[in-house]
Structure formats: C-alpha cells, structure tokens
Amino acid sequence: MKAKGESRRPTRTKKHVLRLHIAGRDGKSRKALKNLKEICERDLPGEYKIEIVDVRKNPGAAKENNLIALPAVVRTLPAPIRKFIGTLSGKNGSLVRVDLTSDK
C-alpha cells in the first residue's frame, strides 16, 4: 500500500549511459561528441544520457577506465560495460555496430 502523497509513477531514467572521455575541446573531441549525439538520436532517441569527462581536468578518469587512447566512449549502462575508441565516424556508424548498446 502506498503512503499518502507517495507517487505511483516511477521516476524516468535513461536506459543507456554513455561516458565520452576527451582531452580538451580539440577537433577529434568535438567530432566524437557530434557523432555520438547523432548516433544516439538515430538509434536511441530519448533513451540515452551522455556524460563528458575531460581527462585534462580529471586525469584519473582515464586510468580508472583503463583507457589508452582518446576520445573514448564507455557505455556504463546497461551492463556489461563496453568501450570504443575513436570519433565514431564512418559511413554506417551505429551504436549496435560498435557494441555500445545491448541487444534489443
């Protein structure tokens, strides 16, 4: 039984959390963010959250995630964690192809 005033509507959370690791705002970083947003809007409309981590400001983040090259995308949700290095460019780039989304 719900307590008086308690909402029955569940809080809406994003199904996919993607963490983009960059080193400043150079061309590759901007291109990776642009491509990631385009892929997410096409493949996961309204179901994703992109977090940006600048390793120049937070150098421990790359080490924590065992990243050796940037830009890099780490899918933290849904499990399991997946990683992809690069700008996500390419003629047919998609999150499924680079294993950032789970099977539907």
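The following dialogue examines the fold of a predicted model.

Student: How many helices and strands does the protein chain have, and in what order do the elements run?
Tutor: The secondary structure of the protein chain comes to 2 helices and 4 strands. Read from the N terminus on, the order of these elements is β-α-β-α-β-β.

Student: In what order do the strands stand in the open sheet?
Tutor: The sheet is open and has 4 strands, with mixed pairing. Neighbouring strands are turned by 20 degrees against each other on average, direction ignored. The order of the strands is β2-β1-β3-β4.

Student: Why is one side of β2 and of β4 left without a neighbour in the sheet?
Tutor: β2 covers residues 48–54 and β4 covers residues 82–85. One side of each is without a neighbour in the sheet because both stand at the edges, each with a single partner strand.

Student: How many residues does the hairpin between β3 and β4 pass through?
Tutor: β3 and β4 pair in the antiparallel sense. The hairpin joins β3 to β4 through 4 residues.

Student: Which strands does helix α1 lie across, and at what angle does the helix run to β2?
Tutor: Helix α1 spans residues 27–43 and lies across β1, β2 and β3. Its angle to β2 is about 170 degrees.

Student: How many residues form the second, separate core?
Tutor: Among the members of this second core are Ala23, Ala62, Leu67 and Val74. The core is separate, and its size is 8 residues.

Student: Which residues from Ala32 to Leu36 does leucine 20 touch?
Tutor: Leucine 20 belongs to the largest nonpolar core. Leaving out residues up to four places away in sequence, its contacts include Ile52, Val53 and Val73. Also among them are Ala32, Leu33 and Leu36.

Student: Does threonine 87 count as buried or exposed, and which side chain makes a polar contact with its side chain?
Tutor: Threonine 87 lies in the segment after β4. A residue is buried under 20% relative accessible area, so threonine 87, at 15% relative accessibility, counts as buried. Not counting residues up to four places away in sequence, threonine 87 touches Lys28, Lys31, Ala32, Asn35 and Pro71. Its side chain makes a polar contact, at 3.1 Å, with the side chain of serine 89.

Student: What percentage of the residues in the protein chain is buried?
Tutor: The protein chain has 104 residues. It exposes about 7300 Å², of which carbon and sulfur atoms supply 51%. Buried residues make up 37%.

Methods: Residues are numbered from 1 along each chain as its sequence is written. This is a predicted model: local features need pLDDT of at least 70, side-chain atom pairs count only at pLDDT 80 or more; totals for chains, interfaces and linings use all residues. Side-chain values use heavy atoms; hydrogens and water are left out. Two strands pair if DSSP finds at least two bridges between them. Axes are lines fitted to C-alpha atoms, for helices over the stretch in contact, and angles run from 0 to 180 degrees between N-to-C directions. Contact means heavy atoms within 4.5 Å. A nonpolar core is a set of buried Ala, Val, Leu, Ile, Met, Phe, Trp, Tyr and Cys residues joined through side-chain atoms within 4.5 Å. Buried means under 20% relative accessible area, exposed over 50%, partly exposed in between (1.4 Å probe, protein chains only). Accessible areas come from the Shrake-Rupley method with a 1.4 Å probe; for residues, only the protein chains shown count as cover. A polar contact is a pair of N or O atoms within 3.5 Å; within protein, one must be able to donate a hydrogen and the other to accept it, and residues adjacent in sequence count only if both atoms are side-chain atoms.
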